[in-house]
Amino acid sequence: MVSLNVTEKMSGQLEHELELDVPASEAWELFGTLGIGKLVCEEMPQLFQKVEIVEGDGGVGTILKVTFTPGIPGPASYNEKFTKIDNERRIKEVEVVEGGYLDFGFTLYRVRFEVIEKGEDSSIIKSTVEYEVEEAAKASLVSIDLLANIELVAKNYLGRNKAAKEAK
């Protein structure tokens, strides 16, 4: 006799892309390092209270604690781990390893940033959220909006830096 344990587990993926007016190498200097965590704290204090290094130096295995500004709906904080940094293909992946979506029954919550070269002075930042959750109904908690906002903040920051360099 064979018995099957069927749960309504669900996995999915959301993506967002934004064109940047800087070369892929400049965008990667921000997204491929600890720089993006620092930037969101400086530029988005209404959402991010702090991003702290728990372990590591910015390479694979680095763990960051992301703390949201009090009053933001959802978890107060979570820890994420850098699981992949591919400098050649300009891909960085981080997974929530404690708190955050895991507290809501997710078994996987992974964010991928990919910087795609478009032209000499332009690139595309592609953000992807991959998730697995025990209860399919909770998949509605996943949104790409925060990553889209981070992309926009990064675009503005990179644009300001480019203008400052050109003015010199």
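A cavity here is a set of grid points where a 1.4 Å probe fits but cannot get out, and the legends below apply that term to a predicted model.

**View 1. The largest cavity and its lining in the predicted model.** When the whole structure is searched, 1 cavity of 30 Å³ or more is found, and the largest cavity has a volume of about 30 Å³. Its lining is formed by Tyr78, Glu80, Val94, Glu95, Val96, Tyr109, Arg110 and Val111, with strand E4 (77-86), strand E5 (91-99) and strand E6 (106-119) being the elements that each give two or more residues to that lining. By class, the lining residues of the largest cavity comprise 5 nonpolar, no polar and 3 charged.

**View 2. The crossing of helix H2 and helix H3.** The axes of helix H2 (residues 35-43) and helix H3 (residues 145-167) come within 10 Å and cross at roughly 95 degrees, which means that H2 is roughly perpendicular to H3. On the H2 side the contact involves Ile36, Leu39, Val40 and Glu43, which meet Ile150, Val153, Ala154, Tyr157 and Arg160 in H3. Sorted by class, this contact of H2 with H3 has 7 nonpolar, no polar and 2 charged residues.

View 3. Apart from neighbours within four places in sequence, lysine 126 is in contact with Glu15, His16, Glu17, Arg112, Phe113, Glu114, Ile116 and Glu151.

Conventions: Residues numbered from 1 in each chain as written. Predicted model: local features only at pLDDT ≥ 70, side-chain atom pairs only at ≥ 80, totals over all residues. Heavy atoms only, no water. Contact = heavy atoms within 4.5 Å. Axes fitted to C-alpha atoms, helices over the stretch in contact; angles between N-to-C directions. Helix = DSSP H or I, 4+ residues; strand = E, 2+ residues; numbered from the N terminus. Parallel < 35°, antiparallel > 145°, perpendicular 65-115°, else oblique. Nonpolar A, V, L, I, M, F, W, Y, C, P; charged D, E, K, R; others polar. 1 Å grid on protein atoms, 1.4 Å probe; cavity = no way out; pocket = protein on both sides within 12 Å on 5 of 7 lines; lining within 4 Å. Points joined across faces, edges and corners; volume = space filled by probe spheres on them.
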